[in-house]
Amino acid sequence: MPSYKDNQPKAYLGVRLLAASAFNDVIVTLRLQRDCSWKSTLSTYINHMVTFPDELEEISIPTERTLTASTSSDYKAMLEILKAHSGEIVEAWAAAASRNAFVRGVEYSVPEIERLDRLNMFFSAMIERAIDMTDKKAHEVMKSAIRAEHARSLSLSAMVKKQNMLRDVMFSVIDREMPNISKASARLWLDAIIDRSVEGTVIMLEEYAEMQAALYHWMSGAQDTQTSLDQSLSRFCRSVLDYFEIDFASLFKYHPETNDLICQASSSRSLALTKDARIHLDSFPVAAEAIESRKTAIISNGKGKTGKKKKVLGQISFDHCVSVPMMRAEKVAGLFMLGDSSRTTMFTPDEVSIAEDLASQVVRVIESSEKFQALNLRSKAQRVLIETAASLQQEIESEEIYRIVASRLAELIPCNEFQFYAYDWEKRVGTPVYATGPYAAEIMADREFPADVGIAGYVAKSKRAEIVLDTEADPRGNYILGTPPARTRMLAVPVVGQKEVLGVIELLRYPPEIFTQEDLEIATMFANHASVALENARLLKEYSRVRDQIELSMDLMTHDIANYATPITAYLSTLRTKKDLDPEVVSMLDKTSSQLEGILQLVEMVRTMERLREIPPKVFKKMDLKKAIEHSMEYVRGRARKKEIDFETSLPEETMLVLADEMLDGLFTNLFYSAAMSDRMNRTKLFVSAEVRKDKKYEFWWVKVAQPSKSIPDHLKGEVLRMAKTSKSELTGGFGIGLAAARGIVSRYAGNMWVSDIVQGDYSKGCLFNILLPRTK
């Protein structure tokens with residue numbers, strides 16, 4: 001940005017002059033092109049008149065400004081007259097401004113004496129600048145006066161109007177005190193002085209607008225938000241240098257946990273701080289003062305005095321420095337610092353006020369950025385959590401769960417090291433189960449340490465997540481063999497199950513990086529997901545263990561028991577064929593054979609249950625349900641030698657087709673055998689019937705097996721098909737497994753099975769087994 005230092009040609013400038021009134025808004029754009037002076041610049045709005053309400057007079061700017069004094073003595077004399085009558089001129093200027101409602105609007109709350117001092121400072125500096133163009137102090141005073149106007153109003157129209165009033169007052173004094181001077185020359189000289197001031201006002205207003213544009217150019221909805229914000233803050237610092245004409249400007253973020261300031265943006269005419277540079281508050285005294293008092297801290301060696309510079313930032317020294325604490329919710333969030341050693345005057349109260357206002361604007365912009373980033377992070381966290389949950393549902397191995405949690409969590413919370421500890425509270429030990437980082441091998445080698453040792457042990461006992469700023473200084477820390485001392489930052493989160501802590505997740509960052517509360521909340525959400533996954537994995541492991549035991553028992557019954565029972569049956573059959581056996585011995589052989597037959601049938605039932613655990617075929621074939629019923633009746637009659645079983649059937653003559661497989665016969669074999677053998681009577685009769693039943697647009701074969709000699713109370717009707725303990729007394733001989741097998745085969749074919757009464761409402765008249773199987777043609 002160009003800055004107003006003298007009347008040399010300016011490269012480029014775009015300014016919007018806004019004159020707001022109750023009736024209209026007029027916008028005039030000025031552009032300073034290369035090799036054009038301030039004279040031609042102001043002539044660009046010859047035909048533009050800035051109009052105000054009726055009580056205001058019109059502002060017009062002449063076309064040509066040619067400073068050609070007839071004699072240098074007349075020009076010097078004019079300046080001496082103006083200087084000598086400065087008090088009168090300032091008072092008349094203030095009176096003219098107070099009579100103009102448009103100009104005095106921002107001055108209502110300003111005391112008269114303060115307003116006169118400010119106008120007098122500006123007028124004196126302007127005259128000194130006209131006398132000596134190289135007068136640096138006068139230049140700085142004029143710039144400070146213009147900034148003071150910015151602190152009160154950003155209306156360029158009002159500022160130009162006020163300076164035009166000064167032009168008229170100055171001319172009236174010259175006209176009175178120097179009656180012999182050329183009126184045209186006097187006007188040209190005064191125009192040159194005032195127009196130079198107007199030019200400086202225009203440029204500085206543009207620089208002020210540039211500072212604000214640098215902040216508010218950043219938009220929360222833009223892509224790559226953080227980069228855009230960093231660029232905006234850097235651009236803002238550069239604009240601050242131009243506007244205040246200083247050597248150094250920087251924005252810092254404050255971390256109260258570590259007492260550090262982190263550079264967010266910096267600009268300097270010589271040496272600048274790099275982004276993310278960390279400065280401890282002990283080496284930054286002016287910042288420490290501002291943060292402690294929560295007020296702006298100002299350092300200056302005096303008005304124009306040269307002396308020993310004060311060390312402001314480490315080894316960096318400035319003659320003048322302003323440190324503004326950036327407050328958010330009564331807490332210090334950062335620091336805005338201005339430093340300079342080139343100016344001869346101190347920072348004025350108005351300049352400090354502008355710096356404080358700019359700091360407040362920066363806080364609002366950064367706060368908006370952080371809220372948007374937090375929203376983005378939350379959105380990403382929810383997406384990653386959903387993906388993680390989907391991945392964890394497919395895993396039953398704990399090791400893979402640890403890896404998934406670590407990799408997905410690292411996407412949201414980058415860290416240098418990661419550890420996952422699992423706890424066995426029966427043994428009261430902790431064990432590292434997953435680790436990443438340069439010392440992962442050493443950490444994984446530290447097996448089965450006491451459960452209450454270390455920061456992880458403390459978090460596991462307290463069940464509360466923690467952020468540790470220095471693991472080396474924390475007394476709870478425990479040394480791991482083979483790892484060097486390191487002052488790392490740690491985020492430790494417990495993985496809490498339904499009854500106890502399952503483990504602890506530790507994330508570590510190397511200084512200067514730290515963890516935030518947002519990191520802790522996200523890690524806690526991941527820990528909750530890990531808890532559910534680990535609980536499921538434990539249940540699945542327990543289920544697998546029980547299943548293996550059941551399969552072992554099944555294998556024992558279906559193989560070993562059958563292997564022993566089969567030759568015994570053969571031996572008994574051989575003995576039964578011998579002649580002249582004692583009738584009592586024959587009776588014992590028959591009873592033993594009957595028991596062995598029951599054992600072998602029970603083995604077959606168990607085998608059926610085992611087969612039901614297998615995945616059924618994708619496509620069933622058409623099979624005749626009536627043939628399956630007939631085969632089962634014949635088989636049961638042959639196996640139940642000492643049990644008289646009578647069947648009475650009422651089956652349709654047509655072929656009863658259903659979609660099934662080779663287990664269809666087993667359905668009725670298990671049903672008939674279990675129903676008959678569980679009957680305490682020596683003789684039992686089963687009535688078997690079938691009919692077509694329609695349910696909406698589907699058709700079923702409804703097979704009913706009635707057993708009048710068997711009574712099943714209502715509260716057991718749902719239990720007898722599930723091998724429940726409550727049904728044990730109703731199913732003597734352990735034949736409840738046969739009914740459960742029958743029901744399992746029905747479910748295999750997408751059917752339904754239930755128990756009811758032969759006489760509805762009177763279970764004592766006998767039970768009825770109902771089977772529904774989808775009919776096919």
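**Backbone, pocket and helix**

Modeller: In this predicted model, Lys463 has a relative accessibility of 45%, which lies between the 20% and 50% cut-offs, so Lys463 counts as partly exposed.

Biologist: Where is Lys463 found?

Modeller: Phi of Lys463 is near 60°, a positive value in a residue other than glycine. As for its place in the chain, Lys463 is found in the loop between helix 14 (454–462) and strand 14 (466–468).

Biologist: Is Glu330 buried or exposed?

Modeller: Glu330 lies in the loop between strand 9 and strand 10, and its phi is positive, about 65°, although Glu330 is not a glycine. Its relative accessible area is 62%, and because the cut-off is over 50%, Glu330 is exposed.

Biologist: Which element gives the largest share of the lining of the largest pocket?

Modeller: The largest pocket holds about 1,700 Å³ of space, and of the 44 residues that line it, the closest to its centre are Lys253, His255, Glu370, Gln373 and Thr516. Elements that give two or more residues to this lining include strand 9 (320–328), strand 10 (331–340), helix 11 (349–393) and helix 15 (517–576). The largest share is seven residues, and it comes from helix 11.

Biologist: How far apart are the end C-alpha atoms of helix 17, and what span should its residues give?

Modeller: Helix 17 runs over residues 625–639, which is 15 residues, and at 1.5 Å a residue these should span 21 Å. The separation of the end C-alpha atoms agrees with that expectation, since it is 21 Å.

Biologist: What arc do the buried residues of helix 17 cover around the axis?

Modeller: The buried residues of helix 17 are Leu625, Lys626, Ala628, Ile629, Ser632, Met633, Val636 and Arg639. They are on the same side of helix 17, because the arc they cover around the axis is only 160°.

Biologist: Which residue has a side-chain oxygen that reaches the backbone nitrogen of Lys626?

Modeller: The approach is at the start of helix 17, where the oxygen comes to within 3.0 Å of that nitrogen. The side chain concerned belongs to Asp624.

Biologist: With which side chain does the side chain of Lys704 make a polar contact?

Modeller: Lys704 is found in strand 21 (residues 698–707), and at 17% relative accessibility, under the 20% cut-off, Lys704 counts as buried. Its side chain makes a polar contact, at 3.2 Å, with the side chain of Glu691.

Notes
Residues are numbered from 1 along each chain as its sequence is written. This is a predicted model: local features need pLDDT of at least 70, side-chain atom pairs count only at pLDDT 80 or more; totals for chains, interfaces and linings use all residues. Side-chain values use heavy atoms; hydrogens and water are left out. Helices (H or I, at least four residues) and strands (E, at least two) are DSSP runs, numbered from the N terminus. The expected span of a helix is 1.5 Å times one less than its number of residues. Buried means under 20% relative accessible area, exposed over 50%, partly exposed in between (1.4 Å probe, protein chains only). The arc is that of the directions from the helix axis to the C-beta atoms. A polar contact is a pair of N or O atoms within 3.5 Å; within protein, one must be able to donate a hydrogen and the other to accept it, and residues adjacent in sequence count only if both atoms are side-chain atoms. On a 1 Å grid over the protein atoms alone, a cavity is a set of points where a 1.4 Å probe fits but cannot get out, and a pocket is an open set with protein on both sides within 12 Å along at least five of seven lines; lining residues have an atom within 4 Å of a point. Grid points are joined across faces, edges and corners, and a volume is the space filled by probe spheres set on the points.
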